[in-house]
Amino acid sequence: DKLSICEGESITFKSNSTNADSLIWNVSPGATPATIPPNTPGPHVITYNTPGNYTVTLIAKSLVGCYSTQVVNITVSEAPTVTIVSKEICEGDQATLTATPSVPGGTYSWSPGGGTGATLNISPTGDQTYTVTYKLAGCESTGMGTITVNKKPEVTVNSVDICAGTDAILTATLKETTGTYTYLWSTGGQTKSITVSPTVKTTYTVTVKSAQGCEGVGTGTVDINGTLS
């Protein structure tokens with residue numbers, strides 16, 4: 001008999017002899033357990049964790065000297081491995097996870113997402129772990145990767161009414177109370193607050209970037225009040 005399995009799988013052996021006076025089991029090295037007690041019909045579960053070729057031999061003897069021998073040849077194939085690189089994205093963005101197998105040519109099944117290719121394109125709204133099952137020649141393995149979703153800064157900017165010829169201070173205010181952020185105003189300013197002196201009604205924009213590279217945008221308007229005559 002010949003059997004083909006994947007590494008890590010098990011085979012159950014059992015003697016079908018009903019009139020043997022002795023049973024002798026021989027298990028090739030590398031299997032677990034390495035020995036089977038004599039005169040035990042089974043079932044016996046043998047596990048193979050290393051690829052290669054193995055045998056299990058059963059010799060059944062009777063008191064009158066008759067015997068029969070059965071040999072089972074086992075081929076243990078190496079199970080492929082598959083890895084996924086986790087990623088960080090900003091909320092609202094799309095991410096692509098790629099499954100990289102140790103041996104190409106197999107099939108993929110993603111969960112969640114239901115993808116069947118080597119890559120999975122997703123736009124999660126929060127942190128999410130994804131699993132891919134990779135199958136090749138009847139053997140399979142799984143890999144896991146996580147998408148971490150970083151929030152975009154929520155930015156507000158005050159609007160100001162000024163008299164002609166005076167200055168206005170615009171300040172970017174973040175909803176977040178912790179973290180490191182950089183600021184870039186439409187005027188070129190790179191501080192949280194800027195001072196401007198427009199001669200006409202003007203809207204200013206600030207882009208705030210978090211340490212994770214996520215950006216939020218806020219706008220504020222400076223209006224010019226008329227002069228007294």
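This is a predicted model: local features need pLDDT of at least 70, side-chain atom pairs count only at pLDDT 80 or more; totals for chains, interfaces and linings use all residues.

The dialogue below treats disulfides, sheets, aromatic pairs and a pocket in turn.

User: Which parts of the chain does the link of C6 and C139 tie together?

Analyst: C6 belongs to strand β1 (residues 2-6) and C139 to strand β14 (residues 139-150), so the pair ties together parts that are 133 residues apart in sequence. The angle about the S-S bond is -100°, and the link of C6 and C139 is left-handed.

User: Where does C90 lie, and where C214?

Analyst: C90 is in strand β9 (residues 87-90), whereas C214 sits in the loop between β20 (202-210) and β21 (215-225), so this pair ties together parts that are 124 residues apart in sequence. The link of C90 and C214 is also left-handed, with -100° about the S-S bond.

User: Are these cysteines buried or exposed?

Analyst: Residues under 20% relative accessible area count as buried. C6 and C139 are both buried, and C90 and C214 are both buried as well. C163, by contrast, has a relative accessible area of 46% and is therefore partly exposed.

User: What is the pairing when the bonded cysteines are numbered in sequence order?

Analyst: The pairing is 1-3, 2-4.

User: Let us turn to sheets. How do the strands of a sheet pair?

Analyst: Strands pair through backbone hydrogen bonds, in a parallel or an antiparallel sense.

User: In which sense do β16 and β21 pair?

Analyst: They pair in the parallel sense, over four bridges. At residue level, V160 has V222 in β21 as its bridge partner.

User: Which strands form the open sheet with antiparallel pairing?

Analyst: Three strands form that sheet, in the order β2-β5-β4. The edge strands are β2 (9-13) and β4 (31-32), each of which pairs on one side only. Five bridges join β2 to strand β5 (residues 44-48), and these two run antiparallel. Within β5, V45 stands opposite T12.

User: How does β7 pair with β1 and with β6?

Analyst: β1 and β7 run parallel and are joined by five bridges; the bridge partner of I5 in β7 is V76. β6 and β7 run antiparallel, with ten bridges between them, and I59 has T69 in β7 as its bridge partner. β6 and β7 also form a hairpin with five residues between them. In the turn of this hairpin, G65 has a positive phi of about 95°.

User: How is a pair of aromatic rings described?

Analyst: The description uses the distance of the centres and the angle of the planes. There are two aromatic pairs in this model. Y48 and Y54 form a tilted pair, 4.9 Å centre to centre with 55° between the planes. Both Y48 and Y54 are buried. The pair of Y108 and Y134 is tilted too, at 5.0 Å centre to centre and 50° between the planes. Y108 is in strand β11 (residues 107-111) and Y134 in strand β13 (residues 128-136), so the pair ties together parts that are 26 residues apart in sequence. Y108 and Y134 are likewise buried.

User: Finally, what is the volume of the largest pocket, and which residues lie nearest its centre?

Analyst: A pocket can be read by its volume and by its lining. The largest pocket has a volume of about 270 Å³. Its lining comprises 15 residues, of which K14, S15, N16, L58 and Q70 lie nearest the centre.

User: Which strands supply residues of the lining?

Analyst: β6 (52-61) and β7 (67-77) each supply at least two residues. The largest share, four residues, comes from β7. These two strands are also the ones that form the hairpin with G65 in its turn.

Definitions and conventions: Residues are numbered from 1 along each chain as its sequence is written. Side-chain values use heavy atoms; hydrogens and water are left out. A disulfide is a pair of cysteine sulfur atoms within 2.5 Å. Buried means under 20% relative accessible area, exposed over 50%, partly exposed in between (1.4 Å probe, protein chains only). Two strands pair if DSSP finds at least two bridges between them. Rings of Phe, Tyr and Trp (its six-membered ring) pair if their centres lie within 6.5 Å; planes under 30 degrees apart count as stacked, over 60 as edge-to-face and the rest as tilted. On a 1 Å grid over the protein atoms alone, a cavity is a set of points where a 1.4 Å probe fits but cannot get out, and a pocket is an open set with protein on both sides within 12 Å along at least five of seven lines; lining residues have an atom within 4 Å of a point. Grid points are joined across faces, edges and corners, and a volume is the space filled by probe spheres set on the points.
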